[in-house]
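This report goes through one structure, helix by helix and then through selected residues. Please keep the sequence and the 3D view at hand while reading.

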Amino acid sequence: MGSKPLIYAYIALGSNMGDREHYLTEAIRQLDAYDNIEVSGRSGIYETEPVGVTDQAPFLNMVLELKISLTAEELFTIMLLIEQNLGRTRELRWGPRTIDLDMLLFDEVRQDDPQLILPHPRMMERAFVLVPLVEVMQMRSPQQAARLTTHLEGLEGKEGVTLWKKI
Ligand SMILES: Nc1ncnc2c1ncn2[C@@H]1O[C@H](COP(=O)(O)OP(=O)(O)OP(=O)(O)O)[C@@H](O)[C@H]1O
Ligand SMILES: Nc1nc2c(c(=O)[nH]1)N=C(CO)CN2
């Protein structure tokens, strides 16, 4: 990692198969085990209705803040590796998964590379992402958190934005 600057990234975790809480905890542990990744913030865990493919089990969702000295691509490679370690398969888009790791924000980076679009292209439509993101962002970026809260209020009543509960 050497002289790379320290930056903040926000990632979303989701699980709706097997021992969901175990998969979330294990993904956090594996991220934190890297020398150049510090899990510097975490939201609560939310149980949420499945969005997209609705005929599947409820999810547990949460968001992490990471303090890192990696490029976005390096972090993404680690995220894919952890998904593999935890038995993630890609049978159906938006279908059931042991663990899903999505990169929401990487510092101020904006990019259109289809492999890694930043900010995440669907995050602004997803209450299961925005609610925990606002929670974890409150400390470091209160203004950005306030903007996201306003956006979230605009989504109220729309299909697929219902959260069940914080557990
Ligand atoms: N910011 C990002 N975070 C995670 N994956 C991304 C991002 N931008 C683009 N992708 C690409 O999206 C593709 C689909 O990812 P994945 O299989 O996790 O989809 P999904 O979880 O079923 O649906 P969604 O992309 O809507 O969350 C992957 O090939 C990945 O490279
Ligand atoms: N509630 C909820 N629904 C989803 C989720 C998720 O993490 N939570 N992930 C999806 C694909 O990324 C599709 N639908």
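How many of the 11 residues of helix 3 are buried? The model is a predicted one, and in it 9 of the 11 residues of helix 3 are buried, so that helix 3 is mostly covered. The buried residues are Ala127, Phe128, Val129, Leu130, Pro132, Leu133, Val134, Val136 and Met137.

**Helix 3 and helix 4**

Helix 3 covers residues 127-137 and helix 4 covers residues 142-155. Their axes come within 9 Å and cross at roughly 155°. Because an angle over 145 degrees counts as roughly antiparallel, helix 3 is roughly antiparallel to helix 4. The crossing of helix 3 past helix 4 is left-handed.

Which residues of the two helices meet? On the helix 3 side they are Ala127, Leu130, Val131, Leu133, Val134 and Met137. On the helix 4 side they are Pro142, Gln144, Ala145, Leu148, Thr149, His151, Leu152 and Leu155. By class, this contact between helix 3 and helix 4 holds 11 nonpolar residues, 3 polar residues and no charged ones.

Helix 1, residues 20-32, has 13 residues. From its first C-alpha to its last it reaches 19 Å, close to the 18 Å expected at 1.5 Å a residue. Buried residues in helix 1 are Tyr23, Leu24, Glu26, Ala27, Ile28, Gln30 and Leu31. Several elements take part in covering them, including strand 1 (7-15), strand 2 (37-42), strand 4 (59-68), helix 2 (72-85) and strand 5 (100-106).

With helix 2, the axis of helix 1 comes within 10 Å, and the two axes cross at roughly 135°. That angle makes helix 1 oblique to helix 2. The crossing of helix 1 past helix 2 is right-handed. Ala27, Gln30 and Leu31 of helix 1 make the contact with Ile78, Ile82 and Asn85 of helix 2.

Ile28 is a residue of helix 1. Is Ile28 buried or exposed? Its relative accessible area is 6%, and because buried means under 20%, Ile28 is buried. Leaving out residues up to four places away in sequence, Ile28 touches Leu13, Val39, Arg42, Met62 and Leu64. Ile78 is 50 residues from Ile28 in sequence, and their C-alpha atoms are 12 Å apart in space.

**Tyr46 in strand 3**

Tyr46 lies in strand 3. At 8% relative accessibility, Tyr46 counts as buried. What is Tyr46 in contact with, leaving aside neighbours within four places in sequence? The contacts are Phe59, Leu60, Asn61, Val131, Pro132, Glu135, Leu163, Lys165 and Lys166. Leu60, one of these, is 14 residues from Tyr46 along the chain, with a C-alpha separation of 5.5 Å.

**Loop residues**

The loop between strand 3 (46-48) and strand 4 is the place of Val53. Glu49 is also placed in the loop between strand 3 and strand 4. Val53 is partly exposed, with a relative accessible area of 24%. Glu49 counts as partly exposed at 31% relative accessibility.

The loop between strand 5 and helix 3 holds Asp107 and Pro119. Asp107 has a phi near 50°, a positive value in a residue other than glycine. Asp107 counts as partly exposed at 45% relative accessibility. Pro119 is joined to Leu118 by a cis peptide bond, with omega about -15°.

**C-alpha separations**

| Pair | Apart in sequence | C-alpha separation |
|---|---|---|
| Tyr46 and Leu60 | 14 residues | 5.5 Å |
| Val53 and Arg93 | 40 residues | 8.4 Å |
| Ile28 and Ile78 | 50 residues | 12 Å |
| Glu49 and Gly87 | 38 residues | 22 Å |

Definitions and conventions: Residues are numbered from 1 along each chain as its sequence is written. Chains are lettered from A and ligands numbered from 1 in the order in which they are written. This is a predicted model: local features need pLDDT of at least 70, side-chain atom pairs count only at pLDDT 80 or more; totals for chains, interfaces and linings use all residues. Side-chain values use heavy atoms; hydrogens and water are left out. Helices (H or I, at least four residues) and strands (E, at least two) are DSSP runs, numbered from the N terminus. The expected span of a helix is 1.5 Å times one less than its number of residues. Buried means under 20% relative accessible area, exposed over 50%, partly exposed in between (1.4 Å probe, protein chains only). Contact means heavy atoms within 4.5 Å. Axes are lines fitted to C-alpha atoms, for helices over the stretch in contact, and angles run from 0 to 180 degrees between N-to-C directions. Angles under 35 degrees count as roughly parallel, over 145 as roughly antiparallel, 65 to 115 as roughly perpendicular and the rest as oblique. A crossing is left-handed if the near helix is turned anticlockwise from the far one by less than a right angle, and right-handed if clockwise. Ala, Val, Leu, Ile, Met, Phe, Trp, Tyr, Cys and Pro count as nonpolar, Asp, Glu, Lys and Arg as charged, and the others, Gly among them, as polar.
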